[in-house]
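Please examine the sequence and the structure shown below.

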Amino acid sequence: MLLYFFISCFSFILFLNSVSLKPFPLWATEMRLLSLWFWKDLSIFSISASIKNTFKFSTIPSLNNMAFTSKLDHFVDESCGEMSVLDLPELVLECILEKLPPSGLCSMAGVCSSLRDRCMSDHLWEKHMTQKWGRIIGPAAYRKWQWHMATRKDSTNLKQGKPKLWMKLFSIVQSLSWFRLKVEDSYNQKSSSSLPVDSIMSWYLALESGRFWFPAQVYNRENGHVGFMLSCYDAELSYDPRTDSFQARYPPHGRRVIAIEHGVPWERLRAPPNDTTPHDLHISDCLNELHPGDHIEIQWRRNKEFPYGWWYGVVGHLESCDGNENFCRCHNSDTVVLEFNQYTPGSRWRKTTISRKDHREEGNEADGFYGGIRKLKSEEEISTWKRLWPVEVLE
């Protein structure tokens, strides 16, 4: 027994010094959803068994009557001839994988190279991405993700050099225990053994880990501060998987430092409805179709140094109109009345007017500046604003 252990260790050391390894994959640090069996398999027995298989020993020790099948890269029970999951029809196997949660797909990806390729497929992860992240992830977040991965890849290429001894050891252990591939085959199949940086699985795991900050918008920012009630502001968000909530970083307002809010729940988030940045004026394309009673969002900022936020309001009637629908002609007027009924009657924030024909940015340093307008056509958007309505009327 002692002689066998000495031979195994000596062979492993020789093998380690003879192999030129490539750097650890970029996506490996993002695989936080993997099962605990990954760490349990890091044993001297599994390492020595894989090394002996690499050097093509004539006999391979069995584990509980299980033999290594090189064709399928997985263990099967020879004694009873049990069917492998890979023996299932392709359609059946695909249906099984589609039912798995993200953690299940990550675990299945460690069984063999064939299942790994299937479990990393974009069409499987697209469903999970849409279900969990689709409501708050927009084109701006995707563009930042592409830029983020391109930067990481360039940085890795610049720092690439000869791996240290401990990195060699960790890479070999990871290769033998996680992918269960032969060492000589793993380098010939680099494209199938690494996760593409632009894959949906890589993006999902980056979001889930909380290491990737992405742009989105937050309703009633700063824990519902009274000065931001019924507004929606841009922020950089990071997910906290422990609390199932988010951390938000808001851009500075004037001379104020960056504001940070913790514990932001899902229901206070949304993807930006358009590509207009917080400092740019949104070009209004709905002015000619606005009628009293329509729900709108309008850009507003305190002064020229502040970024815009989106504020909820409704289109009201002119003072000359009694509100009778049969005789109302407010939609024919060049003046549009906007009402913000969360404020008390008589408040300077309760009502404002804009020009239907040549509206750009209107306002002053005392009352702030009103920018572009969006007409809300979705009942989901309108109901979200109503759900956030303050308990008390604002002054």
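Predicted model: local features only at pLDDT ≥ 70, side-chain atom pairs only at ≥ 80, totals over all residues.

Glutamate 236 belongs to strand E4 and lysine 144 to helix H8 (residues 139–159), so the pair ties together parts that are 92 residues apart in sequence. Glutamate 236 is partly exposed, with a relative accessible area of 23%, and lysine 144 is also partly exposed, at 24%.

Side chains of opposite charge can pair when their charged atoms come close.

| Arginine 118 and glutamate 90 | 3.0 Å | 28 residues |

Arginine 118 forms a salt bridge with glutamate 90. Because arginine 118 lies in helix H6 (residues 113–119) and glutamate 90 in helix H4 (residues 90–99), the pair ties these parts together. Glutamate 90 is partly exposed, with a relative accessible area of 46%.

Arginine 348 is partly exposed at 46% relative accessibility, and aspartate 367 is partly exposed at 28%.

## Strand E9 and its partners

Which strands pair with E9? Strand E4 (residues 231–240) is joined to E9 by two bridges and runs antiparallel to it; here serine 231 has tryptophan 311 as its bridge partner. Strand E8 (residues 295–301) pairs with E9 in the antiparallel sense over six bridges, and glutamate 297 is partnered by tyrosine 312 of E9. Strand E10 (residues 335–339) is joined to E9 by three bridges, again antiparallel, with glutamate 339 in E10 as the bridge partner of valine 314. Strand E9 (residues 309–316) is largely enclosed by the rest of the structure, because eight of its eight residues are buried.

Helix H12 (residues 200–209) is mostly covered, with 10 of its 10 residues buried. Among them are Trp203, Tyr204 and Leu207. Just after H12, glycine 210 adopts a positive phi of about 85°.

The largest nonpolar core has 41 residues, and Trp133, Phe214 and Phe246 have the most contacts inside it. The largest share of this core, seven residues, comes from H12. Tryptophan 133 touches residues including Tyr204, Leu207, Phe214 and Phe246, not counting residues up to four places away in sequence. Apart from this core lies another, of 20 residues, among them Met229, Cys286, Leu338 and Leu394.

## Cysteines

How many disulfides does the structure hold? There are zero disulfides. Cysteine 119 is in no disulfide, and the nearest cysteine sulfur, that of cysteine 112, is 8.5 Å away. Cysteine 119 is buried, with a relative accessible area of 1%, whereas cysteine 95 is partly exposed, with a relative accessible area of 37%.

## Confidence

The protein chain averages a pLDDT of 76, and 67% of the residues score at least 70. The pLDDT stays under 50 over residues 18–79 and also over residues 168–195.

Conventions: Residues numbered from 1 in each chain as written. Heavy atoms only, no water. Buried < 20%, exposed > 50% of the residue type's maximum accessible area, 1.4 Å probe, protein only. Helix = DSSP H or I, 4+ residues; strand = E, 2+ residues; numbered from the N terminus. Pairing = 2+ DSSP bridges. Core = buried A, V, L, I, M, F, W, Y, C linked by side-chain atoms within 4.5 Å. Contact = heavy atoms within 4.5 Å. Disulfide = S-S within 2.5 Å. pLDDT = per-residue confidence, 0-100. Salt bridge = Lys/Arg side-chain N within 4 Å of Asp/Glu carboxyl O.
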